[in-house]
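Dear colleague,

Please find below the structure that I am handing over to you, together with its sequence. My notes on what was found in it follow.

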Amino acid sequence: MKILILGAAGQIGQMVTDNIISQTDYDLVLYGRNVSNRLADKADERVAFVDGDFEEFDKIKAALAGVDAVYLSYVAGDDLISKLVKLLEESGKPRFIAANIPDIYQEVTGPFQKWYRKNTGETWKLPMHKAAEIIEESDLDYIIL
């Protein structure tokens, strides 16, 4: 299996990378701004680096070659997600795992809810909710975290 991690240089992306490397024999494509320098310590025969940002869709498209799954380690708004979903659908529809934010479905309950909503607002009304809807309405095999 081959996995493309978009936003690989962030904390979560690095944690996911470390876990995949240590727990599987999967190949990885790490994509992000200056990842070849920032993540040089992760260099391995199973790891490829693609330096780029989220607006460089030509680079993302090239990085999708032979990929079975894409993990987006970035909470994206609807504009980026709509372009990315289109690109993934055109590429052969690899499995898509997208990070998002808690409470986009108003699922945060209990004592934490009051604090969380006070500090983050009504997240189900933010662009991230629209991004989740775009993914859900796509033809992709997806998971929204």
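K42 has a relative accessibility of 9% and therefore counts as buried, where buried means under 20% relative accessible area, exposed means over 50%, and partly exposed lies in between (1.4 Å probe, protein chains only). Please note that this is a predicted model, in which local features need pLDDT of at least 70 and side-chain atom pairs count only at pLDDT 80 or more, while totals for chains, interfaces and linings use all residues. Residues are numbered from 1 along each chain as its sequence is written, and side-chain values use heavy atoms, with hydrogens and water left out.

Salt bridges

The structure holds 7 salt bridges, a salt bridge being a side-chain nitrogen of Lys or Arg within 4 Å of a carboxyl oxygen of Asp or Glu. One of them joins K42 to D18, with the closest N and O atoms 2.8 Å apart. Because D18 lies in helix α1 (residues 11-23) and K42 in the loop between α2 and β3, this pair ties together parts that are 24 residues apart in sequence. Helices (H or I, at least four residues) and strands (E, at least two) are DSSP runs, numbered from the N terminus. D18 is partly exposed, at 38% relative accessibility.

A salt bridge also forms between the side chains of K125 and E122, at 2.7 Å from N to O. Here K125 is exposed, with a relative accessible area of 58%, whereas E122 is partly exposed at 39%. Salt bridges that share partners join D18, D41 and K42 into one network.

R95 and D141 meet through their side chains in a further salt bridge (3.5 Å, N to O). This pair links distant parts of the chain, 46 residues apart: R95 is in strand β5 (residues 95-98), and D141 is in the loop between α6 (127-136) and β6 (142-144). R95 is partly exposed, with a relative accessible area of 32%, and D141 is partly exposed at 41%.

A buried arginine

Which residue is buried yet has no salt bridge? It is R46, whose nearest side chain of opposite charge, D44, is 4.7 Å away; Lys and Arg count as positive and Asp and Glu as negative, while His and the chain ends are not counted. R46 is found in the loop between α2 (35-38) and β3 (47-51). Its side chain reaches the backbone oxygen of I20 at 3.5 Å, and a polar atom of that side chain lies 3.3 Å from the backbone oxygen of I21.

Positive phi values

N34, in the loop between β2 (27-32) and α2, has a positive phi near 55°, and N34 is partly exposed at 43%. D103, in the loop between β5 and α5 (111-120), has a positive phi near 80°, and D103 is buried, at 0% relative accessibility.

Definitions and conventions: Polar contact = N/O pair within 3.5 Å; in protein donor to acceptor, adjacent residues only side chain to side chain.
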